[in-house]
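Trainee: Could we take a close look at one part of this protein together? I would like to start with charged side chains.

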Amino acid sequence: MQKIRRTLLHLVSGLLTLFLSYSMQAQSITLTNPILTGFYPDPSIVKVGTNYYLINSTFSYFPGIPVFQSQDLKNWKQIGNVIDRPSQMDFMGERLTRGLFAPAISYYKGTYYVTCTDIDHDGNFVVTAKNPAGPWSNPVRIPQVRGIDPSLYFEETGKAYIIYNSDAPDNKPLYSGHRTIRMYEFDPVSLKVIGEEKQLVNGGVDLSKKPVWIEGPHILKRNDWYYLYAAEGGTSVNHSQVVFRSKSVWGPYVPYEHNPILTQRDLPQDRKDPVTSTGHAQFVEGPDGKTYAIFLAVRPYTGDYYNTGRETFIAPVEWKEDWPIINPDNKEVKYSYTANYKEVKQPSALPQSGNFQYTLTFDKKLDPALLFMRTIDSSSFSLSKQNGLTLKLKPETCMDFANPSFIGKRQQHLYSSVETELSFAARSASEKAGLLVFQSEDHFYFLCQSLNQNQKPVIELYKSTPKEKAMQLLAEIPLSMQTKKTGLRIVSEGENYSFYFSTDAKSWSVVKDKVDAKFVSTKEAGGFVGCLYGMYATSSGEKTDNKASFKYLKYAGNDSIYTK
């Protein structure tokens, strides 16, 4: 009997160990960086109940400011866009790297607030919504807030403040990049500032060292301390995050003696699979009650060259002597972090992190992540199960500061491919339809179907000519006939793109391979956006009633960092 009892106890103990082990695994999650791959810069996040809502800059693309929802900080689903109606705002006449800079999202007693800067026209503004999926209100301008990157901070009492980057004292900078952080009290009902502006930070952590571009400020309160934290160093390889604190929301704010609390600028440049340019962070409480930082960073394929834009990353935060430290256990930002809470997947959401592939179809509605240039012209396209996305050829080109027939998705991997089936019959050499790799009005590649000067059907590959509003023909492949359906494919391999076509949807022919990807990198093109793969149709300044149909858009990403 004693032996049986010991056996039973041993069995129960084993089962309990297995159960606890399984329970721990079930409560474990791996957060994969970036949590939003591709051109998703300047992240801002708010937690409401068990839900997280995250937004990003979109500059002069439309719709503006995507809204993502998650319950675990890993699985994100885009539920809408803040600027989704031309009546709210458009960006006609603006470069695509202008427009909307650095939005911030906050919440108080049933209302969501987004503050943002329209850099060239409306200045700083606020919009509100009862549902983060929208609809969002028309923008309300805040003219007293002069500068960029406004964000709201709410006290538990309901008092609100708007904090932002502004000019140097008396508008007299001591050096290039000399900025300040300033604040007003803010009325969240009338959406107006209250009282006088106050300067909280001059220059940055240490004015004597000439710190540059203090920006993206936020305030939070913890253990009776007010923490003002912001980016410093500019949104490139010298980017960093710094923090100050005070016992009063109005300051004085004292910098942390071990600033910066996040940067990658001091790490070896030849390290493998580097993450660089980290900063523009915001803190949020995770499902486990611990603090996490959401921030932007980039993944270069060599040096400071990257085409995927500034992306959204995550890292844990540790509080040491009432100071926050981002990524405390590692010098390098990691591509994955493990946390002890449950993963909550998002049904029907497009994947956003790691390697993935999917096909977008156009029989019902456009995915909310797809982007137009500057505004939406609903009369210029149609959707159907039979033809997919049909674009009217417009005279405007992607080199104009207008609204050409273009709909694009972000390049989200260093190693990726995009493919479509095009139905199009050009009537002249000025009519062209196909796929773009697009970084800016001056830096793009265009793989298209058209007619040559002899009115013969061809597949062409063009490279933009910077500052000349022109294109250079890189390759031309004759077609035996004007095919009704043509396959077009672009493949990225870090510093190269390769371009292909097919006339039978089975075999693919090279148009040109190993084309320089650096030409459409942020480093060469400048600006703040990343590359898009765009479906594009133009009549190059001529009037026409011709159309081009794109049956689908197939995307696949396969970066080696995720296959190790």
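Which residue forms a salt bridge with Glu419?

Mentor: First, a word on where the values come from. This is a predicted model, in which local features need pLDDT of at least 70, side-chain atom pairs count only at pLDDT 80 or more, and totals for chains, interfaces and linings use all residues. Residues are numbered from 1 along each chain as its sequence is written, and side-chain values use heavy atoms, with hydrogens and water left out.

Now to your pair. Glu419 forms a salt bridge with Arg489, and their closest N and O atoms are 2.9 Å apart. A salt bridge here is a side-chain nitrogen of Lys or Arg within 4 Å of a carboxyl oxygen of Asp or Glu. Side chains of opposite charge can pair when their charged atoms come close.

The two partners come from distant parts of the chain: Glu419 sits in strand β30 (residues 415-423) and Arg489 in strand β35 (residues 486-493), 70 residues apart. Strands are DSSP runs of E with at least two residues, numbered from the N terminus. Glu419 counts as buried at 10% relative accessibility, whereas Arg489, at 22%, counts as partly exposed. With a 1.4 Å probe and protein chains only, buried means under 20% relative accessible area, exposed over 50%, and partly exposed in between.

Let us move on to another pair. Arg374 forms a salt bridge with Glu441, with the closest N and O atoms 2.6 Å apart. Here the link joins two loops: Arg374 is in the one between β26 (372-373) and β27 (381-384), Glu441 in the one between β31 (432-440) and β32 (443-451), and 67 residues separate them. Both ends are hidden away: Arg374 is buried at a relative accessible area of 0%, and Glu441 is buried at 4%.

Conventions. Helix = DSSP H or I, 4+ residues; strand = E, 2+ residues; numbered from the N terminus.
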